[in-house]
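Trainee: I am new to reading structures like this one. Could you walk me through it, please?

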Amino acid sequence: MKKALKIILLAAFTLAVLGNSNAQEKEKSKSVVSVEESNGKSIVKAPGVKVEVDEFNDTITKITIGSRRFEVIEDYNRARIRMVRVPREKFKGHWAGCDIGFNGYMTSDFSTDLPSDALFMDLNGSKSVTFSINFLQYNIGLQRNKNNFGMVLGAGWTFYNYRTDQPYTFERDTETGQTIGAPVPAERSVEKNKITTSFINIPLLFEYQFPSSEPFHRFYISAGPYCGFKIGGHTKLVYKENGNRTKDKGKDDINLTPFQYGAMVRVGYRFINLYASYNFSTFYTENRGPELYPFTIGLSLVQF
């Protein structure tokens, strides 16, 4: 029974490794699969996978894939399988995943009350939504014997919607070059008015997790700077006139900043994960529009 099970498991493991190795570029100087045998115990290792077979133990087979280990236990002439979680050996931060939240902006004195020359930017906060896909994360542990403090470098694609619903269009003044709000004709009833931008954001976060004695359920807090490069932007105005509903979408240059930078904080425990960010750069290019500093606050829905 044990020998047959051993052969089946090793064969399945070998096929899985061969299938994965075809999709990965291998270095000639490295062995993708290693096999160790001693005193009735066989160990097969490959990237991300480990199989142990012990002829002299009730737990005859252990299959470790990532943070999951499947143990095949034989006792009283029957076999059963149990799954256990394997504590991480290396530091892993919290960035990759999907975020959703609300965005807005403040004046230079951290007020959300806008000056008279910026009232055309007054937001409908409940409909000014941001969404992020944080697709890249690189973890750097900063401890020798622990794994609860480190640095996270990542990248994410973020969409910002600034919903104003004010009866103004966003235009670039031909004389001064500044962004201004041009009044919409009175016969047009504005239903929706917004500015949408998208950025590739790159954070550099320092993260601390505690308690260090708990391998799975830790509270974490991370903070650090980030920068972003604008990859798109447009305005959208929806209004009714004489009973007809019209949508105007513009891609004219209204001085939106092409580069943003600021600070970010992320905290969480298990399924509750919150974040906030504040830009040190202005919403518009400097001296080309109202001096406004964007911020976001939200939660992480999915973590990779």
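Mentor: Happy to! Leaving aside neighbours within four places in sequence, Thr130 is in contact (heavy atoms within 4.5 Å) with Asp99, Ile100, Gly101, Phe102, Asn103, Thr158, Phe159, Tyr160, Tyr275 and Thr296. This is a predicted model, where local features need pLDDT of at least 70, side-chain atom pairs count only at pLDDT 80 or more, and totals for chains, interfaces and linings use all residues. Residues are numbered from 1 along each chain as its sequence is written, and side-chain values use heavy atoms, with hydrogens and water left out.

Trainee: Is Thr130 buried or exposed?

Mentor: Buried means under 20% relative accessible area, exposed over 50%, and partly exposed in between (1.4 Å probe, protein chains only). Thr130 has 1% relative accessibility, so Thr130 counts as buried.

Trainee: Which backbone oxygen lies 3.0 Å from a polar atom of the Thr130 side chain?

Mentor: That oxygen belongs to Phe159.

Trainee: Where does Thr130 lie?

Mentor: Strands (E, at least two residues) are DSSP runs, numbered from the N terminus. Thr130 lies in strand E8, residues 129-141.

Trainee: How do E8 and E9 pair?

Mentor: Two strands pair if DSSP finds at least two bridges between them. E8 and E9 do this in the antiparallel sense, over 10 bridges, and Phe131 stands opposite Phe159 in E9. E9 also pairs with strand E12 (residues 189-210), antiparallel over 13 bridges; there, Gly150 has Glu207 as its bridge partner.

Trainee: How many residues of E9 are buried?

Mentor: In E9 (residues 149-163), 11 of the 15 residues are buried, which leaves the strand mostly covered.

Methods
Helices (H or I, at least four residues) and strands (E, at least two) are DSSP runs, numbered from the N terminus. A polar contact is a pair of N or O atoms within 3.5 Å; within protein, one must be able to donate a hydrogen and the other to accept it, and residues adjacent in sequence count only if both atoms are side-chain atoms.
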